[in-house]
Amino acid sequence: LYEYPASQAAMERALKVVPSGIYGHQGPSEGCYVPVSSFPLFSKTASGTRFIDADGNEFIDYMCGYGPNVLGYKDADVDAAAAAQAKLEDVVTIPSTTMVDFAELLVDQVASADWAFFAKNGGDTTTLAIMTARAATKRKRIVFIAGYYHGVAPWTQKLDYPGVLEEDVTNNIIIPWNDPVAFEKVLNAYSGEIAAFISTPYMHGNFLDNVLPAPGYWQAIRKLCDKHGVVLIMDDVRAGFRLDLAGSDHHFGFEADLICFCKAIANGYNVSALLGKAALKDVVSSITYTGSYWMSAVPFAAGIATQTKLRELNAPARFAELGTRLTTGLVGAAADQGLHLIASGEPALFYLRLADDDSLMLHQEWVAQMMRRGIFLTSHHNHFINASLTEADVDLTIEIAHEAFGVVKAAHPELG
Ligand code: PMP
């Protein structure tokens, strides 16, 4: 079983000079709970679908850097394209035409898009989308789905979170997922006041089973947005390019007005993009919005290589196939021990929950047992498939899951 003394020693150093040691959801204490004693804290090297931590433990990584690893760590084709661009230039006073090449590629590939605006993080694009909707409609209010995550800008946070003002969130209205009737009620109650509806393509929130759109849901939302002049924003930061290279709105049979991409766009090179409809192009041009590194050329070259390779591999079909093989196998492995594992969401971004207790603690125990045997999962967040994962990796994962479920079952005789 894996031990983590080098990671833990590094954490002691980190705690002295970095707030909370590792902040945010990548840290051991927030969001994706695994008992810290079972959790590797620092990574040393990564390749394909695996990384090796500071202690030399090797993991099959089902978190893929929380999404960016879509082709495999250190993908040779992407790294070669990035290196060739780096030889020419990266951050310069004026942009490289590589930016235009990448914008052309994305506009061609993404069904709903007529233009592309590049930034760095997913949150840069969701914030720009909200500003664009407000600038276009001259309205204030935004409709969200309960359990949403659109980044960490103040407008995305909750009133009781530290550092957030009432003014930051006072125009946020939250409705349940899969409920066009609730949306229509809000549209009528705040007639002429709603600027945007923002949502991920399906409900892939944390700490609960993920939920796909009901038949006709997105078409009903699209219709209501059109009727009331509301900008429909697709936050495809997490699911983008894993379900459909033409966009997750296309995957679910509708067109968004604005679509936010980040994680799987350039295989880990640092770029994000807001794409949108022609009618909003002048509006987005009018907004004051930029950043020091937003036109760096290396990530554009990496993005072109990434999207080209994803197309060649027909990657979304492969992700669905591997994700289905994995989740079916894991559910079966749990059942062999008399346990009930629920897999939800799209197989390319599967979410897992051991349903034999309501506290979610049993699930955490199983994740800890997987972790200490070299399978990196998180407890209460969806996972990610990448194109360098193989059937053999999946089968090995299922074999290890059998053992890990057995250990959990043996520790809990009360489960019968
Ligand atoms: N939206 C969604 C759906 C996300 O999953 C994330 C990142 N987890 C973001 C927005 C924010 O992206 P970033 O962390 O790159 O700012």
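In the predicted model, strand β4 pairs with strand β10 (residues 272-276) in the antiparallel sense, and five bridges connect the two. Within this pairing, Trp-115 has Gly-276 of β10 as its bridge partner. Both strands belong to an open sheet of seven strands, arranged in the order β4-β10-β9-β8-β7-β5-β6. The pairing in this sheet is mixed. Its edges are formed by β4 (115-119) and β6 (172-175), each of which pairs on one side only. From one strand to the next, the twist averages 20°.

A further open sheet consists of four strands in the order β1-β2-β3-β13, and its pairing is likewise described as mixed. Strands β1 (43-47) and β13 (375-376) stand at the edges with a single partner strand each, so that one side of each is left without a neighbour in the sheet. The partner of β1 is strand β2 (residues 50-53), to which β1 is joined in the antiparallel sense over four bridges. In this pair, Ala-46 is placed opposite Phe-51 of β2.

Helix packing is illustrated by helix α3 (residues 98-109) and helix α10 (residues 297-313), whose axes come within 9 Å and cross at roughly 35°. The crossing of these two helices is left-handed. On the α3 side, the contact involves Thr-98, Met-99, Asp-101, Phe-102, Leu-105 and Gln-109, which meet Ala-297, Phe-300, Ala-301, Gly-303, Ile-304 and Gln-307 of α10. By class, the residues of this contact comprise seven nonpolar, four polar and one charged.

At the level of the whole chain, the domain assignment gives two segments, 5-61 and 315-415, for domain 1, and residues 76-313 for domain 2. The C-alpha centres of domain 1 and domain 2 are 28 Å apart. Contact between the domains involves 17 residues of domain 1 and 13 residues of domain 2. On the side of domain 1 that touches domain 2, at least two residues are supplied by each of α11 (315-336), β11 (341-344) and β12 (351-354). The greatest contribution to this side comes from α11, with four residues. The side of domain 1 that touches domain 2 is made up of eight nonpolar, six polar and three charged residues.

The shell contains 13 residues, of which Asn-121, Gly-122, Gly-123, Val-237 and Arg-238 come nearest to the ligand. Helix α4 (residues 122-137) gives the most to this shell, contributing three residues. In terms of class, the shell around the ligand holds seven polar residues, together with four nonpolar and two charged ones.

Notes. Residues are numbered from 1 along each chain as its sequence is written. This is a predicted model: local features need pLDDT of at least 70, side-chain atom pairs count only at pLDDT 80 or more; totals for chains, interfaces and linings use all residues. A residue is near a molecule or strand if its C-beta atom, placed from the backbone, lies within 6 Å of it. Ala, Val, Leu, Ile, Met, Phe, Trp, Tyr, Cys and Pro count as nonpolar, Asp, Glu, Lys and Arg as charged, and the others, Gly among them, as polar. Two strands pair if DSSP finds at least two bridges between them. Axes are lines fitted to C-alpha atoms, for helices over the stretch in contact, and angles run from 0 to 180 degrees between N-to-C directions. A crossing is left-handed if the near helix is turned anticlockwise from the far one by less than a right angle, and right-handed if clockwise. Two residues are in contact if their C-beta atoms, placed from the backbone, lie within 7 Å. Domain bounds come from an automatic or database domain assignment.
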